[in-house]
Amino acid sequence: MKIDAKARYRSSHEYARKEGNLLVAGISDHAQESLGDIVFVELAEVGKVLKQGEAFGVVESVKAASDLYMPVSGKIAAVNEALQGDPALVNRDCYGEGWMVKIEPTVASEWDGLMDAAAYEKEAGAH
Amino acid sequence: MPFIANSDADRKAMLAAIGVKSVEELFADIPEAKRFPKLDLPKGLSELEVTREIEAMAAKNVTASTCAWFLGAGSYNHFIPAAVGALASRGEFLTAYTPYQPEVSQGTLQAIFEYQSMAAELFGMEVVNASHYDGATALAEAVLMAYNHGGERKKVFLPEALHPEYRGVIETYFAAFDVQFVAYEGGPANAAADSATSCVVASYPDFHGQIHDIKAGADKAHAAGALYIVHVDPIMCGILKSPGELGADIVTAEGQALGNAMNFGGPWLGMMGVTAKLMRKLPGRIVGQAQDHEGRRGFVLTLTAREQHIRREKAVSNICSNQGLVMLQTCIYLALMGKGGLAKVAELCWNKAHYAAAEIDKVPGFKVEGGVFFKEFVVRTPVPAAEIVEKLSRRCIVPGLALSKYDGARTHELLVCATEMSTKSQIDLLVSSLKEVIK
């Protein structure tokens, strides 16, 4: 299981990482491995405002379909268009080219409530 | 699969596990006098006696095969080649449920795949599912799909002349939704779609048989960012442009006309197709062509992540199922007819309906409504249409549907349908009987 040390995590296996004023979000390596071959990613429209824990999209693999939950509240500032043509980017490089959305956070304190890499590694590793 | 009943020992173990002494004790809540009430049934009959009784009852039915039949209104009397029943009732196919296990069901899965492929060509759509209960539920599912796709868009435009029972089914599906249904008069271009509209529904033709400008409706719906749903007569697709060519995003149809008996209203077949862009929102089963590990062609369910066995409560639909046998009959019918055969059926319908309309229009007091129609049209009658239906039915002529059945204000309107089954002499008989009945 790969962990991005700079990112923070939700127990539903989304990560968020700071990039300037924005947060880059996607699903963890543990999540992509459990889902298997990802065949489709559907993401919310740019400009959509969502609360922490609300669904910003759906990821579909050969064996399951799962909602994607906002790690923090905010506005969708960008979506990774490359996933439309090549959803397997999530399998190959979930923290890099397989990112999903960029979020303009609205509640700064929510970041502190997310698990850091060590805590997430401990929780995900226990499953 | 063998059925193994449980043994006395099994039953004893089960009763012990729940702390009950006997099976009778499980029924203790039902008053003793009510447990085995005397039913007072007549004595049993021999097979011959039963056959005679049932046949006598069946002979009271007014059926399309024994009458001059001009009733349509959603259920259509078309010819069913004998091969449809002969093939569909083969033991390999005939089952109460659709087997989806690819390792044992290649025949059924291939039939579904071929049904989907032919229906997709007919509709001008890229993907067709298998299938829905009937045309009304297919249309309701299509509206639901567009509504969910539309996010905040809560408005749905329905034609004023949509089949009233279809409207009823849609309203039932949406009983607990925050939705606004808006009816529009005439063609779909009259629907004032806006940024709050999830979809515009067009009926092609509408309930009164009228064919409107479908393309103009598509352009207007799309300009507002709404989806465009076209409910079509699949036989008509044999000669007119397909809904897909005219800009539909979702196409639905009642498949009864394609090789299935009217059966007093069911079981029928709900057909639905969509553009490739929408395929992950499409409800229902989809069979795809695949290869096994030796490279041989095979068929499996595909895109199943939309469905309830994976997505549970978030599935696109939890209230649809494949009408396996009816779908199979439709598949056989389409394969038998082919493109040319279907065009011929459609042409016959068109010609006979237009002959009937022209002749009826000549009868003093009767007036055929204007506009373009395919196999069904509205006639204004000099006396209440319901009276005409009642009188002619006694002479074994079913002249159509009195529109007053659904709309109390439409007392003098008769919806008449002719298909390839209507002979010239039957049409002439209808016309001469209309003359007599108003005397």
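**Close-up views of a predicted two-chain model**

**View 1. The two domains of chain B.** In this predicted model, the domain assignment divides chain B into domain 1, which covers 68-80 + 339-437, and domain 2, which covers 82-334. The C-alpha centres of domain 1 and domain 2 of chain B lie 28 Å apart.

**View 2. Where the domains of chain B touch.** Here 22 residues of domain 1 of chain B are in contact with 21 residues of domain 2 of chain B. On the domain 1 side, α10 (324-362) and β12 (376-380) of chain B each supply at least two residues, and α10(B) gives the most, with seven residues. By class, this side of domain 1 of chain B has 15 nonpolar, five polar and two charged residues.

**View 3. The largest nonpolar core.** This core has 116 residues, of which B:Val143, B:Cys199, B:Val200, B:Tyr228, B:Ile229 and B:Ile250 touch the most other members. Again α10(B) gives the most, here with 17 residues, and the core draws at least three residues from each of domain 1 and domain 2 of chain B.

**View 4. The surroundings of B:Ile229.** Leaving aside neighbours within four places in sequence, B:Ile229 is in contact with residues including B:Ala142, B:Val143, B:Ala146, B:Cys199 and B:Val201. Among its other contacts are B:Ala248, B:Asp249, B:Ile250 and B:Thr252.

**View 5. A second core, and the contact between chains.** A second, separate core of 32 residues includes A:Leu43, A:Leu68, A:Val90 and A:Ile103. The contact between the chains takes four residues from chain A and four residues from chain B, and the chain A side has three nonpolar, no polar and one charged residues.

Technical notes
Residues numbered from 1 in each chain as written. Chains lettered and ligands numbered in written order. Predicted model: local features only at pLDDT ≥ 70, side-chain atom pairs only at ≥ 80, totals over all residues. Domains from an automatic or database assignment. Contact = placed C-beta atoms within 7 Å. Helix = DSSP H or I, 4+ residues; strand = E, 2+ residues; numbered from the N terminus. Nonpolar A, V, L, I, M, F, W, Y, C, P; charged D, E, K, R; others polar. Core = buried A, V, L, I, M, F, W, Y, C linked by C-beta atoms within 7 Å. Buried ≥ 20, exposed ≤ 12 C-beta atoms within 10 Å, placed from the backbone.
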